[in-house]
Structures are given as C-alpha cells and as structure tokens.
Amino acid sequence: MNDILTFITLALDATLRVATPLILAALAGLFSERSGIVDIGLEGKMLVGAFAAGAVAYWTGSAWLGLGAAMLASMGFALLHGLACITYQGNQVVSGVAINILASGLTTILGLAWFHQGGSTPPLVGAQRFNDITLPGADALKSVPVLGDFYANVLSGHNILVYIALLLVPFCAWVLYKTRFGLRIRAVGENPKAVDTAGVSVALLRYRAVLIAGALCGIAGAYLSTAQNAQFIRDMTAGQGFMALAALIFAKWRPWPILAAALLFGFLDALAIRMQGVSLPLIGQVPVQLIESLPYILTVVLLAGFIGKAMPPKALGLPYLKEQR
Amino acid sequence: MSIDPNASLALELLEVSKQFGAVKANQDINLSVVSGSVHGIIGENGAGKSTLMSIIYGLYQPDKGQIRVNGQAIQLRNPQQAISLGIGMVHQHFMLVETFTALENIILGAEGGALLKTTTATARQQLEQIIARHGLAVPLDIPVAELSVGVQQRIEILKALYRNARILILDEPTGVLTPQEADELFVILRQLTAQGVTVLLITHKLREIMAITDQVSVMRQGRMVAHRKTAETTIAELAELMVGRKVRHTVEYSEVALGTERLRVKDLVVRDASGVERVKKVNFHLNAGEIVGVAGVSGNGQSELLQVLAGIISPTAGEIHYSQHMITPKTPIDAAEVRRWGVAHVPEDRHRMGLVLPFQAYESQILGYQSEPKYNKGLSQNYTAMLNTYAEQAEKFDIRPRSPYLKSASFSGGNQQKIVISREINAEPEVLLVGQPTRGVDIGAIEFIHQQLMELRARGKAILLVSVELDEIISLSDRIIVMCDGMITGEVAREEVNETLLGMLMANATGEQHG
C-alpha cells in the first residue's frame with residue numbers, strides 16, 4: 001500500500017516538473033492564437049529562451065538575469081514572427097517553421113562559437129539556477145496523511161518557476177476574460193474587421209499578443225535550461241513546443257483546460273519514466289516508446305471525435321487586409 | 001437644390017473628390033443632409049456610394065473638398081474621429097464577433113476602463129435606457145450567433161447609439177431582411193429621426209427610397225447627378241437618373257406552353273457537415289418551359305438545395321429525378337455527371353464557385369466544360385476553340401471589356417456574372433439552376449440577364465431560380481416556392497402573388513407547412 005502511495009506521490013511530483021514548460025508555452029500559444037496568429041514557433045522560441053537563459057546565467061551568475069535575457073530573446077523572435085505575419089501578411093505556418101529552424105541553427109552555432117562544448121552551455125551551479133524551494137509549513141505538515149503528504153511531497157519542493165507557471169493560469173484567464181485587453185484579443189481572433197471598425201488597431205493588438213507569447217515562451221525556455229536542467233543542451237526542447245500546441249488545441253484555446261491538458265501530458269510523461277523496466281501483471285513490460293507517444297495518440301484520438309470539434313478562433317491564420325481599392 | 005434654406009444641416013459635403021489611381025471614384029460631390037431627416041443615397045454598384053460613405057466615416061481621406069458636420073468644417077482622419085463627432089455606421093456585412101454577446105460587441109472599442117466589470121455594469125444601464133427610448137428590443141446576454149439577422153442589425157444600431165451617434169449611416173440595410181423585418185427597421189428609423197437622429201440610407205432598392213426617405217440623392221459614375229425631395233419624385237425618374245437612360249423595369253412576360261417534367265424532388269433532406277438539417281423533406285417539380293422561383297431570406301436552406309440539385313453535395317434522404325436520371329443518398333457525388341444530364345448551374349457565389357478569379361476570361365468562360373471534345377486537341381486544350389467561344393459569347397452578352405486575356409477578377413460584378421451565365425446558357429441545358437443571378441450586378445445588366453432567362457424559358461427549358469430579391473422572383477417566376485428554416489412553407493402561383501403573402505411565408509408566419 002505504501003509502495004503505491006509513494007509511487008503516486010513521486011509520479012505526481014514529476015508530473016508538475018514536466019508539465020511546467022507545457023503550461024507556459026501553451027499559455028503563450030493561447031495569446032497568440034486567440035489574437036488570430038498561428039504559433040507553430042513555440043518550440044523555436046522556447047529553444048532561444050533556453051539558450052539565452054543558460055548563457056546569461058552562466059556569464060552573470062544570476063538565474064534571474066538569465067530569465068530576463070530568455071524573455072527578451074524569445075520576444076525578439078516573436079517580433080520577427082509578428083513582422084512576417086502581421087505587417088507583411090505572410091503565411092503564418094511557414095513563418096513559424098522558419099522560426100523553429102532558425103532557432104535550432106542559431107543556438108547551436110552560437111553555442112559552439114562561444115562555449116566550445118558541442119553546442120551546450122557550461123553547467124550551472126548555485127545562484128546560476130532556480131533552485132527548489134520548500135513551501136512554508138511543508139515540514140510540519142509532512143506527517144499528516146494524504147493531504148499533508150501531498151502538500152509536502154508534491155506541491156512543495158519545486159523551483160519558483162513552477163509556481164509562477166501555476167499562478168499564470170488564473171492570471172491569464174483573468175486577463176483574457178475580465179479585462180478590456182482580453183476582450184479585444186478575443187475579438188480580433190474572431191473578427192478583426194469588427195475590431196477595426198470599432199476604431200481599435202488590429203495590428204497593434206496582434207503585436208502585443210505575439211510579444212506576450214514571446215515572453216511566456218522565454219520563461220518556458222529558461223525553465224528548461226536553468227531550473228529543470230543545469231545547462232543548455234542542443235535542441236533540448238525536443239518537441240515540447242509542439243506538445244504545448246497539442247495541449248492548446250486539446251484545451252480548445254481556453255486557459256483552465258490548458259492546465260488540465262498540460263498536467264495530463266506531464267503525467268503520461270512522468271509515468272513513462274516511472275514505468276521503465278517495470279513489468280505489469282498480465283501485460284508484461286510496456287515499451288516506453290508507447291507511453292511516450294501516448295500524448296500524441298491521445299490528442300489525435302480525442303480530437304478525432306471524443307471531445308467534440310475543436311473550434312479554433314475564426315480568424316486564426318488569416319492575415320488581416322484592410323479593404324483597399 | 002430642393003432643400004429648405006432655413007433647415008439646419010447635420011452634414012454637408014462641398015466639392016468632395018476622391019481618386020484611386022486612374023479611377024475617379026467620387027467627383028465634386030455636393031450633399032446637404034437636413035438634421036433629423038432620412039436621406040437616401042441611391043446608385044448602381046460602382047457608382048461611388050461606398051467610397052462616399054467611407055469618406056464620411058473617416059476610412060478614406062478625400063483628395064479635395066470640405067466636409068461640415070453641424071456647420072463646422074472638419075478633417076476626418078480615421079473612424080475614431082468620425083465616431084467622436086457623432087457619426088455612426090451600420091455596415092452591410094455586420095461587424096459583430098459571433099461568439100460574443102450583444103453587450104460585449106457593443107462595448108468593444110468603447111470599454112472605458114481597463115477592467116470589464118465596471119464598464120459592463122454602466123454600459124448595461126445606459127443600453128437599457130437607449131433600448132427603452134428607441135424601442136430597440138435586443139437581448140444583451142445571448143451570443144450574437146444565436147440571434148436572428150434582424151436582431152443583429154439592431155445590435156449594430158445600438159452600437160452606434162451607444163457611441164452617441166447623431167448621424168447614422170446605413171449601408172444596404174435591408175439586403176438580409178424579410179419584408180416584415182425591413183418594415184420593423186423603418187419604424188425604428190422613424191423613431192430615431194423623431195429623436196433628432198439623422199439617417200443616411202444607402203441602397204439600390206428604389207422602393208425603399210420611396211418608402212422611408214425624406215430626401216434622395218442619386219449617384220452615377222462617381223458623380224452626384226440629382227437631389228430630389230422624395231415626395232416629388234417617382235421610381236421611374238430615379239431609375240432613369242441612376243442608369244442614365246430609360247429603364248424597362250419589368251420584364252415582358254409571355255405565356256409559354258408547359259412541357260414535360262424535367263425535375264422532381266421527393267422528400268429531400270440535406271444535412272450539412274455539422275449534422276444540422278438544412279433542407280427538410282422538400283417536395284416539388286419543375287417542367288420544361290417554366291421558371292420556378294425559390295424565395296426566402298438567405299440562409300434558410302436555399303443554398304443547400306441548389307448545391308444538392310447541382311450534384312455538389314449529397315442528399316441525406318430522398319430522391320432527385322432528372323428525367324431518367326436519379327440522385328439518391330447512395331449516388332456518388334459527381335457534379336460533372338449531373339452536367340452531362342443537361343443540367344447547368346449558375347452558383348450563388350460566383351467568386352467562390354462560379355469563377356476561378358485568377359483565370360483569364362476565356363478560361364473562366366469554359367470552366368466545367370473543359371473536358372468536352374471541342375475544347376480538346378490531343379493532350380492539350382484547344383485554345384483556338386476556347387478563344388472563339390469567348391469572343392462569340394462576349395459579343396452576344398456584351399461582356400466588357402472584350403479582352404479574353406483579362407483576369408476574371410478584373411471584371412466588374414455584372415460582367416463576371418455575364419461570363420458565368422453566358423457559359424451555362426451556351427451549354428443549352430434542359431434544366432438551368434440559377435442562384436442569385438443579379439447579386440451585385442448593376443441595373444443595366446440585371447435587365448439583360450432577366451431577358452436571357454426569359455428567352456431560355458421561351459425555348460422550352462426549365463429554370464429553377466433561387467434569389468433573395470423578391471422583385472426578381474415575382475417578375476420572372478411562373479410559380480414561387482417559399483422556403484423557411486429548410487422547409488417549403490408555401491407555393492404560390494404567379495396570379496396569386498403578393499409581397500405580404502410571400503413575406504409571411506418567408507417568416508413562416510402562416511403556420512402552415514406544405515410537404
């Protein structure tokens with residue numbers, strides 16, 4: 001009995017760690033796509049953020065400066081995407097793919113040139129990283145069964161970015177549904193013409209949304225290199241940007257379901273790690289690859305009919321052309 | 001000018017001109033709009049009405065000329081400025097976010113504070129007052145997509161009033177309404193002018209001008225050609241001013257002997273991709289030598305009916321018989337096969353289905369018939385034959401310009417439609433399915449297209465005419481089928497037609513249901 005409880009506790013603990021970058025990147029995608037800009041480039045922006053965080057944290061010795069650099073670098077790439085999609089009305093998917101390729105190549109080359117470690121940044125120690133923190137009262141509550149155990153062993157003991165990601169979910173929901181900015185973002189993704197004729201600039205709104213997406217991807221990237229790991233490694237995002245995109249679609253472009261989807265995907269991932277070498281009764285050893293591919297299979301299967309049709313914002317992917325003669 | 005010199009003017013335009021490249025969209029426009037009146041602006045498509053309205057709403061800046069609002073000369077740089085001066089606009093295509101409630105749509109862009117909570121509370125209060133004052137019943141908390149078109153239009157009007165509009169511009173406001181809904185709109189407009197609001201009504205429907213306006217200004221080819229007091233003019237005079245020559249407003253109707261049955265539809269049901277029943281157990285027939293009109297407010301199943309008859313989508317249940325051929329739910333979808341049965345189709349939306357806009361005119365002219373032997377020579381198309389066909393049809397239908405190499409997109413709406421209609425008529429079909437033949441087409445071309453349809457009928461062909469223009473349906477049809485919510489709510493013979501009856505059937509207000 002205790003074994004199972006420990007297993008679950010450990011799995012949930014790992015779930016949070018794995019889900020954090022998904023939450024952040026999916027929220028990034030939420031802003032961008034709710035404003036009508038497809039964001040395939042989540043992956044690339046995270047990667048750029050991870051590299052900038054790893055490099056700057058190493059140079060300055062401060063994880064926080066690394067985080068700032070990550071957000072700026074990622075916002076720079078977001079601006080590039082904005083320029084291509086909003087100002088020049090290009091194809092948003094193509095631009096996103098280009099962002100991903102550029103990010104992968106640029107981080108590798110700069111990494112090789114600056115650090116000579118096969119594209120990685122040097123390992124980070126101490127204040128160069130976001131270290132785990134213990135939530136107040138965690139030790140005292142440890143002995144309370146189940147709830148105390150959950151608080152002390154699952155919720156407590158993560159780095160600050162995990163908590164920031166969790167708090168960003170209600171915050172983003174609030175921004176999207178309770179503020180003027182959120183109303184306009186939702187409107188511009190559905191019917192940009194309505195926004196334009198109401199006297200609000202479509203381009204400006206979309207730039208702001210895309211930049212917010214950049215900032216959030218930057219945090220997600222910093223989390224990868226300076227919190228979850230202790231250095232930047234080549235292509236370390238490893239598809240997590242696409243996973244976040246899947247979570248976004250899965251959640252039908254809504255903030256709270258994004259949290260649920262990210263946690264589900266994170267749990268499956270954590271399970272995959274825990275299941276290595278474990279053989280189940282009757283089935284035997286489950287191939288890790290199968291569990292690892294579960295989030296993708298789940299997304300396809302569920303989107304194919306079980307959760308109903310995913311209704312994207314109506315103007316998603318369409319450049320806004322003012323009617324001209 | 002027929003305006004009382006003592007009347008106070010809400011809006012004045014003096015010598016306003018606007019040019020786009022070589023096109024003079026507006027030339028030396030003068031316009032005086034009396035406060036608290038309904039002023040109509042009438043003109044054909046491309047006469048420059050929309051450009052003029054865009055100038056008044058601040059979307060375009062005039063090249064020269066002056067605009068005065070309430071006697072003050074102003075420079076309009078953008079719509080925000082127009083809004084702040086009390087100018088509101090109800091666009092032809094509503095500017096609404098469908099997933100938003102009426103309230104959210106109305107406050108969008110005029111929210112006040114950064115937080116919605118306080119804004120919505122005060123906005124709701126204000127709106128309830130406006131609603132009560134003007135009799136504009138609108139539910140504020142239901143998503144717009146679930147509301148009828150008439151209500152959506154009221155939301156647009158509310159949107160303008162909420163921004164303190166004193167001059168309200170309405171661009172073709174009745175295009176999407178039933179006659180009854182249009183009447184309701186006119187009542188609302190009257191109430192607004194009684195409260196001192198000035199209404200500028202843009203339309204191409206002469207009857208509307210006569211029904212609701214106090215003054216009317218006529219535009220033709222970018223110029224203001226006449227100003228009249230509505231009470232002192234007639235439909236015939238306005239039509240002539242619009243077109244620049246006398247117009248025969250009704251087509252000549254002659255008796256044609258009914259031939260054999262060409263089309264019979266039995267218990268036809270069509271579901272769309274999302275599973276909604278668009279056509280519900282429809283039964284009717286069509287004989288050689290007759291035009292059957294399908295009337296109804298757009299979006300009541302006519303489009304799906306037309307598409308299923310043309311073989312573009314599959315029926316869910318029921319049968320369609322074209323003489324010896326039949327379409328059932330099991331028949332594979334094959335529009336080309338349906339064409340080979342002698343069924344031609346002029347689609348409702350010529351941009352999406354009738355033409356390939358980047359194609360050159362002579363290519364669009366044979367679209368759908370490109371596999372016919374006469375247009376093929378070995379492995380390639382027979383370009384000589386294609387060009388010959390275009391030259392012949394362009395001459396016969398007076399397609400302008402004649403150039404076969406011009407892209408389809410570069411033709412005016414009327415000429416694009418002529419390309420499509422000439423192509424389908426040229427195929428000498430036994431059955432012609434026509435959707436909105438004169439949508440966005442100017443009066444001169446409308447007259448011509450109507451004549452062509454009547455000629456085809458005289459040659460003993462069967463025509464199914466789907467249109468939202470009641471006048472068109474009434475003047476051309478031998479029989480009229482009315483659709484509402486996917487059902488046929490009535491069938492009216494030519495002799496029994498009147499607009500009130502059709503309007504009631506279009507709203508399904510008679511309560512009867514015919515099979």
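What share of the contacts in chain A between residues at least 6 apart in sequence join residues at least 24 apart? The share is 77%, where a contact means heavy atoms within 4.5 Å.

Before going further, a word on conventions. This is a predicted model, in which local features need pLDDT of at least 70 and side-chain atom pairs count only at pLDDT 80 or more, while totals for chains, interfaces and linings use all residues. Residues are numbered from 1 along each chain as its sequence is written, chains are lettered from A and ligands numbered from 1 in the order in which they are written, and side-chain values use heavy atoms, with hydrogens and water left out.

## The two chains

Chain A holds 14 helices and four strands; helices (H or I, at least four residues) and strands (E, at least two) are DSSP runs, numbered from the N terminus. Its radius of gyration of 20 Å is close to the 20 Å that the globule rule gives for 325 residues, so chain A is as compact as a globular protein of that length. The radius is taken over C-alpha atoms, and the rule is 2.2 Å times the number of residues to the power 0.38.

Chain B has 17 helices and 22 strands. For its 515 residues a compact globule would have a radius of gyration near 24 Å, and the 25 Å of chain B agrees with that. In chain B, 66% of the contacts between residues at least 6 apart in sequence join residues at least 24 apart.

The table sets out some further values for each chain. Buried means under 20% relative accessible area, exposed over 50%, and partly exposed in between (1.4 Å probe, protein chains only). Accessible areas come from the Shrake-Rupley method with a 1.4 Å probe, and for residues only the protein chains shown count as cover.

| Chain | C-alpha box along the principal axes | Buried residues | Accessible surface, with carbon and sulfur share |
|---|---|---|---|
| Chain A | roughly 75 × 50 × 40 Å | 53% of 325 residues | about 14,200 Å², 69% |
| Chain B | roughly 70 × 50 × 45 Å | 52% of 515 residues | about 21,800 Å², 50% |

Charges are counted simply: Lys and Arg are positive, Asp and Glu negative, and His and the chain ends are not counted. Each charge is placed at NZ of Lys, CZ of Arg, CG of Asp or CD of Glu. In chain A the mean positions of the 20 positive and 14 negative charges are 14 Å apart. Chain B carries 49 positive and 57 negative side chains, and the centres of those two sets lie 5 Å apart.

Strands β9 (residues 215-220) and β10 (residues 223-229) of chain B run antiparallel and are joined by six bridges; two strands pair if DSSP finds at least two bridges between them. One of the pairings links B:Ser217 to B:His227 in β10(B). Two residues separate the strands of this hairpin, and B:Gln221 in the turn has a positive phi of about 45°.

B:Gln221 turns up again among the contacts of B:Gln27, which also touches B:Val16, B:Ser17, B:Gly222 and B:Arg223, not counting residues up to four places away in sequence. B:Gln27 sits in strand β2 (residues 23-34) of chain B and is buried, with a relative accessible area of 18%.

Strand β22 (residues 487-493) is largely enclosed by the rest of the structure, because five of its seven residues are buried.

## Backbone details and a buried aspartate

Most residues other than glycine have a negative phi, and most peptide bonds are trans. The loop between α13 (383-397) and α14 (413-426) of chain B contains B:Pro401, and the peptide bond from B:Arg400 to B:Pro401 is cis, with omega near -10°. B:Asp398 lies in the loop between α13 and α14 as well; its phi is positive, near 55°, and at 25% relative accessibility it counts as partly exposed.

B:Gln436 belongs to the loop between β19 (431-435) and α15 (443-458) of chain B. Its phi is near 40°, a positive value, and the residue is buried, at 4% relative accessible area.

Over in chain A, A:Asp196 is part of helix α9 (residues 192-197). A:Asp196 is buried at 14% relative accessibility, and beyond its neighbours within four places in sequence it is in contact with A:Val202, A:Tyr320 and A:Lys322.
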